[in-house]
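This briefing covers the interface between two protein chains. Please look at the sequence and the structure first.

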There are 2 protein chains.
Amino acid sequence: MSKFAMYAKFKAQPGQRDALARILLEAAEQCESEQGCELYIVNASDEDPDIIWVTELWSDAEAHAESLRNEDTVALIGRARPLIAGVEPIKLRPLGGKGFQ
Amino acid sequence: MSKFAMYAKFKAQPGQRDALARILLEAAEQCESEQGCELYIVNASDEDPDIIWVTELWSDAEAHAESLRNEDTVALIGRARPLIAGVEPIKLRPLGGKGFQ
């Protein structure tokens with residue numbers, strides 16, 4: 001199965017970007033123990049103070065889908081939801097490069 | 001100095017995405033020997049057949065700027081230019097996560 005990559009663009013409610021970033025960094029810590037998760041990097045936009053981008057790389061789309069059913073993830077999503085004004089996923093098919101095995 | 005991340009969105013001329021991807025994968029190979037380059041992953045968009053996204057992570061913004069002055073990079077940019085309809089960089093400040101040291 002081919003790997004799955006995604007940029008997840010989060011728009012925070014006004015003034016809530018840092019609080020949202022902290023929850024997404026907790027999600028990244030959970031990913032440390034998930035074998036199927038290869039990258040989960042939380043980034044602040046340089047241009048928009050309400051935007052966070054998460055760079056995700058997974059062993060396959062199923063590993064990503066499964067992580068969303070994990071009860072710890074579901075709990076984090078519940079805590080994050082009130083801080084989020086919108087989410088836009090950009091789904092990608094990784095072809096190769098440095099940092100991609 | 002803080003690390004520098006970027007998503008570079010390339011729109012290829014119609015029908016030229018695969019040719020452009022091959023040149024970007026050559027650029028990724030050059031990155032293998034650049035210490036300041038931590039990630040350079042070439043991705044095809046799942047949604048738009050003309051779009052490529054490159055996930056970049058650099059030790060700092062200067063390492064990225066320096067790579068653009070490298071003569072091998074300049075030569076690759078020259079070969080890629082006729083295949084490119086547009087480029088849009090999304091500049092990021094990475095905060096942490098899995099795959100980020």
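Predicted model: local features only at pLDDT ≥ 70, side-chain atom pairs only at ≥ 80, totals over all residues.

Residues are numbered from 1 along each chain as its sequence is written, chains are lettered from A in the order in which they are written, and side-chain values use heavy atoms, with hydrogens and water left out.

**Extent of the interface**
- On chain A, 36 residues are in contact with 36 residues of chain B (contact means heavy atoms within 4.5 Å).
- The two chains bury about 2,900 Å² between them, 56% of it on carbon and sulfur atoms; buried area is the accessible area (1.4 Å probe) lost by two parts on being put together, summed over both.
- Tyr7(A), Leu95(A) and Lys98(A) supply 26% of the area that chain A buries against chain B, more than any other three residues.

**Elements and strand pairing**
- β4(A) gives the most to the side of chain A that touches chain B, with ten residues (strands are DSSP runs of E, at least two residues, numbered from the N terminus).
- Six bridges join β2(A) to β4 (residues 84-98) of chain B, and the two strands run antiparallel (strands pair if DSSP finds at least two bridges between them).
- Tyr40(A) stands opposite Lys98(B) in β4(B).

**Symmetry**
- A rotation of 180° with 0.0 Å of shift along its axis superposes chain A on chain B, with RMSD 0.0 Å (least squares on the C-alpha atoms of residues with pLDDT of at least 70 in both copies).
- The two copies are therefore related as by a two-fold rotation axis.
- Thr55(A) comes closest to the rotation axis of the residues of chain A, at 4.0 Å (C-alpha).
- The copies meet through the same surface, because 100% of the interface residues of chain A are also interface residues in chain B.

Methods:
Helix = DSSP H or I, 4+ residues; strand = E, 2+ residues; numbered from the N terminus.
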